[in-house]
Amino acid sequence: FRAGEMDVVLNVAPDDLGWIRENQPGALHTGPIHATYLLVLNVARKPLDDVRVRRALSLAIDRDAIANQLLKTGVRPAWSFVSPGIGGYPGLKTAEEAMPAAKRVAEARRLLDEAGYGPDNPLTLPLLYDTQEENRKIMVAIGDLWQAIGVRAEISNVEFGALLGALRTKNYAVVRSSTFSLYDDPMAFLQQFGSQSPTNWSGWTNPGYDQLLMQSNSAPDNATDGVTRTRLLLDAEALLNGEQPVIPIYYYQGKVLVAPRVQGWWDGAIGTPPSRFLTVE
């Protein structure tokens, strides 16, 4: 890009941001995008079939520390799955988000103890991620946070294709993943965890969740009885978050380089401008 051989770079490495801001600030395009960085839990695999274990693992992760102290790239801590603001969606407010970190850790320990894990019966979990330095830093941080509640993470990395293979065959315990919205509506996120969804990698199913999604397809945006489409989607997301088959970590921040000679570029929360709208001077 600096040599002029490339016009657009879609994802800048965090370690390069300082240099770019100082030397090529006009080329850097940043802004929130509708995408969530997360962990997927294999609910068919013990002990992750126990919701208490899944909830404990989530509570132990300090999203604020990961987003604002480790990464410092503008990403926003995520306590719920759906990116707030997509399609006018307000986003789900969770009780965990408002809890002090020490209280979350104490609750995580209590849940693990209730599930039968502790000093006399420690829990060890394989944690898989795809090879990338930013992912490595996050997984190490999560491993340290889990250690504080008595969970040992066996961290390993593979190429992205192998990670997808592990997801599709459910040959994993906990794996790093992400969801990028393909259209401007919360259903772009929530549909992934319907019982019949081919991308429901966790194996989690809930008839109530399926019913809420189905009802939302025909519900009005405004309803006198209060049963609006948004209300139904919020209820569905609350079910998903409560049973924790996925652990959201942060909402993405776009970090794109665009050469000044590229005309017609615009910044958006979903995808990038199709090339037919772009020209190069």
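Tutor: Start with Glu 96, which lies in helix α4 (residues 95–98). Keep in mind that this is a predicted model.

Student: How do you know whether Glu 96 is buried or exposed?

Tutor: Set its value against the cut-off. Buried means under 20% relative accessible area. Glu 96 has 15% relative accessibility, so Glu 96 counts as buried.

Student: Which residues is Glu 96 in contact with, leaving aside its neighbours within four places in sequence?

Tutor: They are Arg 55, Leu 59, Trp 79 and Arg 104. Contact here means heavy atoms within 4.5 Å.

Student: Now α10. How do you know that its reach is close to the expected one?

Tutor: Helix α10 covers residues 229–243, 15 residues in total. The expected span is 1.5 Å times one less than the number of residues.

Student: Which residues of α10 are buried?

Tutor: Arg 229, Leu 232, Leu 233, Leu 234, Ala 236, Glu 237, Leu 240 and Asn 241. The elements covering them include α2 (51–59), α8 and α9. Here is a general point to set beside that list. An α-helix has 3.6 residues a turn, so residues three or four places apart point the same way.

Student: What makes Gln 244 worth a look?

Tutor: Gln 244 has a positive phi of about 55°, although it is not a glycine.

Student: Why is Gln 244 called buried?

Tutor: Its relative accessible area is 2%. The cut-off for buried is under 20%, so Gln 244 is buried.

Student: And why is Lys 170 called partly exposed?

Tutor: Lys 170 is at 35% relative accessibility. Partly exposed runs between the 20% limit for buried and the 50% limit for exposed. Therefore Lys 170 counts as partly exposed. Lys 170 is found in the loop between α7 and β6. Lys 170 has a positive phi of about 55° and is not a glycine.

Student: Where is there a cis peptide bond?

Tutor: A cis peptide bond joins Lys 46 and Pro 47, with omega about 5°. Pro 47 sits in the loop between β2 and α2.

Student: On to the pockets. What lines the largest pocket?

Tutor: The largest pocket holds about 670 Å³ of space. It is lined by 36 residues, with Leu 10, Asn 11, Ile 33, Phe 180 and Gly 254 nearest its centre. β2 gives the most to this lining, eight residues. By class, the lining has 16 nonpolar, 15 polar and five charged residues.

Student: How many residues line the second largest pocket, and which are closest to its centre?

Tutor: The second largest pocket has a volume of about 420 Å³. Its lining has 23 residues, and Ser 178, Thr 179, Gln 192, Thr 199 and Trp 201 are closest to its centre.

Student: Take Thr 199, then. How do you know that Thr 199 is partly exposed?

Tutor: Thr 199 has a relative accessible area of 31%. Buried needs under 20%, and exposed needs over 50%. So Thr 199 is partly exposed. Thr 199 lies in the loop between α8 (187–190) and α9 (207–216).

Methods
Residues are numbered from 1 along each chain as its sequence is written. This is a predicted model: local features need pLDDT of at least 70, side-chain atom pairs count only at pLDDT 80 or more; totals for chains, interfaces and linings use all residues. Side-chain values use heavy atoms; hydrogens and water are left out. Helices (H or I, at least four residues) and strands (E, at least two) are DSSP runs, numbered from the N terminus. Buried means under 20% relative accessible area, exposed over 50%, partly exposed in between (1.4 Å probe, protein chains only). On a 1 Å grid over the protein atoms alone, a cavity is a set of points where a 1.4 Å probe fits but cannot get out, and a pocket is an open set with protein on both sides within 12 Å along at least five of seven lines; lining residues have an atom within 4 Å of a point. Grid points are joined across faces, edges and corners, and a volume is the space filled by probe spheres set on the points. Ala, Val, Leu, Ile, Met, Phe, Trp, Tyr, Cys and Pro count as nonpolar, Asp, Glu, Lys and Arg as charged, and the others, Gly among them, as polar.
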